[in-house]
Amino acid sequence: MNNKRLESQIKELITDKSNSVIIPHKNPDGDALGSCLALNFFLLNKGLNSIVISPNDYPSFLKWMPGENRILNFDNKSSEAINRIENADLIFTLDFNDLSRSGNICDEIKTAKGQIIMIDHHEKSKKYADFELSQPEMGSTCEMIYNLIEYIDPEAITSDIASCLYTGIMTDTGSFRFPSTSAKTHHIISKLIEKGANNSKIHENIYDNFSYSRLKLLGVALKNIEKIDPLPYVVITLSQIELDDCSFKKGDTEGFVNYGLSIKGIDLSIILIESKEDNIIKMSLRSKGDFSVNVFAEKYFNGGGHHNAAGGVSRETLVKTKKKLISLLKSYN
Ligand code: 5GP
Ligand code: MN
């Protein structure tokens, strides 16, 4: 179904005075939260009874976002969240296309009676929704939400909505530098600033809001970076002990993997982060050019994402995972 037809169907769905819930992926980032919060403001202003339910907590550098203080965290408010999901007519799932990415909310969504509306920009949807707005060519889900709101009612973009959307577009495009950033993206950004997004303040809130220990941890990560000669690839590791030594908090490692790509000639950077709590190694992969990290992550590490930015998981030790990864990369083409 084409996107305009879907946007028009979504428009019809939300003219009802319905109950809605809006759900981002687990460990939500700026784009996931920004798109959910923006859509939530829009629906509330249209008279719907709406709420954002996050599968779990999110980094403190996102805890200034407009409307953020009203998000229900499924991890510690699960009975209230379950009640809202059970009574929802509309269930929006934003910034993911595989139900398992909703973490512990997954089973609730599966058994809920409401209509599921997926809005997402990842490749290879797992097709769980009643209405699916999927645009992998988009740099962010926030850009999709902007287009949806502009289509339904351009006047409805308030300064809160503009700030949320600006945040998600900025974070998911690496501050407007990834190839998915288009002239249209900049056009939207200009509109959002006109509508009241304080661009300079938002950059400061996101990028100048880290702890001393997070910067120390970055130092450890950079010390651990290793070139996989003769390939133009690097791998970074962080063990649980190293994380503990730097008082690791959720979100502290966000963006570390990108430093690998700042080296001249390097076009693949992978970070492996040990989690003793979940007993996994979480991987983040970033590339420039042709290397499809989502294909690689899906094939070997039960992951996925985008062509140049993906994630995956290993259940082996950090040392074994690194060894396996290097050997796979050396034989991969
Ligand atoms: P990050 O490395 O920042 O966690 O994720 C990069 C991209 O890959 C994001 O778009 C994210 O949604 C996706 N991603 C990260 N981890 C996983 C995973 O385990 N499975 C899948 N399917 N996608 C992932
Ligand atoms: Mn996104």
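Mentor: Leaving aside residues up to four places away in sequence, serine 18 touches Leu13, Leu48, Asn49, Asp89 and Leu90, where contact means heavy atoms within 4.5 Å. This is a predicted model, in which local features need pLDDT of at least 70 and side-chain atom pairs count only at pLDDT 80 or more, while totals for chains, interfaces and linings use all residues. Residues are numbered from 1 along each chain as its sequence is written, chains are lettered from A and ligands numbered from 1 in the order in which they are written, and side-chain values use heavy atoms, with hydrogens and water left out.

Serine 18 sits in the loop that joins α1 (3–13) to β1 (19–24); helices (H or I, at least four residues) and strands (E, at least two) are DSSP runs, numbered from the N terminus. With a relative accessible area of 6%, serine 18 is buried. Here buried means under 20% relative accessible area, exposed over 50%, and partly exposed in between, with a 1.4 Å probe and protein chains only.

Backbone geometry comes next. Most residues other than glycine have a negative phi, and most peptide bonds are trans. Aspartate 95 has a positive phi, near 70 degrees, in a residue other than glycine. Its place is the loop between β4 (90–94) and α4 (106–111), and aspartate 95 is buried at 1% relative accessibility. Lysine 124 also has a positive phi, about 60 degrees, although it is not a glycine. Lysine 124 lies in the loop between β5 (115–120) and β6 (131–134), and at 55% relative accessibility lysine 124 is exposed. The peptide bond from aspartate 229 to proline 230 is cis, with omega near 5 degrees. Proline 230 is part of the loop between β7 (226–227) and β8 (233–238).

We may now turn to the helices. Two packed helices are described by the angle between their axes and the distance between the axes. Axes are lines fitted to C-alpha atoms, for helices over the stretch in contact, and angles run from 0 to 180 degrees between N-to-C directions.

Helix α2 (residues 30–45) and helix α5 (residues 141–152) have axes that come within 8 Å and cross at roughly 15 degrees. The two helices are therefore roughly parallel to each other; angles under 35 degrees count as roughly parallel, over 145 as roughly antiparallel, 65 to 115 as roughly perpendicular and the rest as oblique. The crossing of α2 and α5 is left-handed, a term used if the near helix is turned anticlockwise from the far one by less than a right angle, with right-handed used if clockwise. On the α2 side the contact is made by Asp31, Gly34, Ser35, Ala38, Leu39 and Phe42, and on the α5 side by Thr141, Cys142, Ile145, Ile149 and Ile152. By class, this contact has seven nonpolar, three polar and one charged residues; Ala, Val, Leu, Ile, Met, Phe, Trp, Tyr, Cys and Pro count as nonpolar, Asp, Glu, Lys and Arg as charged, and the others, Gly among them, as polar.

Helix α6 (residues 159–172) packs against helix α8 (residues 199–207) at an angle of about 60 degrees, with their axes 10 Å apart. That makes α6 oblique to α8. Their crossing is right-handed. Ser163, Tyr166, Thr167, Met170 and Thr171 of α6 make the contact with Asn199, Ile202, His203, Ile206 and Tyr207 of α8. These residues divide into five nonpolar, five polar and no charged.

The cysteines complete the picture. The structure holds zero disulfides, a disulfide being a pair of cysteine sulfur atoms within 2.5 Å. The closest cysteine sulfur to that of cysteine 36 is in cysteine 142, 8.6 Å away, which is too far for a bond. Cysteine 36 is buried at 0% relative accessibility. Cysteine 164 is in no disulfide, and its nearest cysteine sulfur, that of cysteine 142, is 7.7 Å away. Cysteine 164 is buried at 0% relative accessibility.
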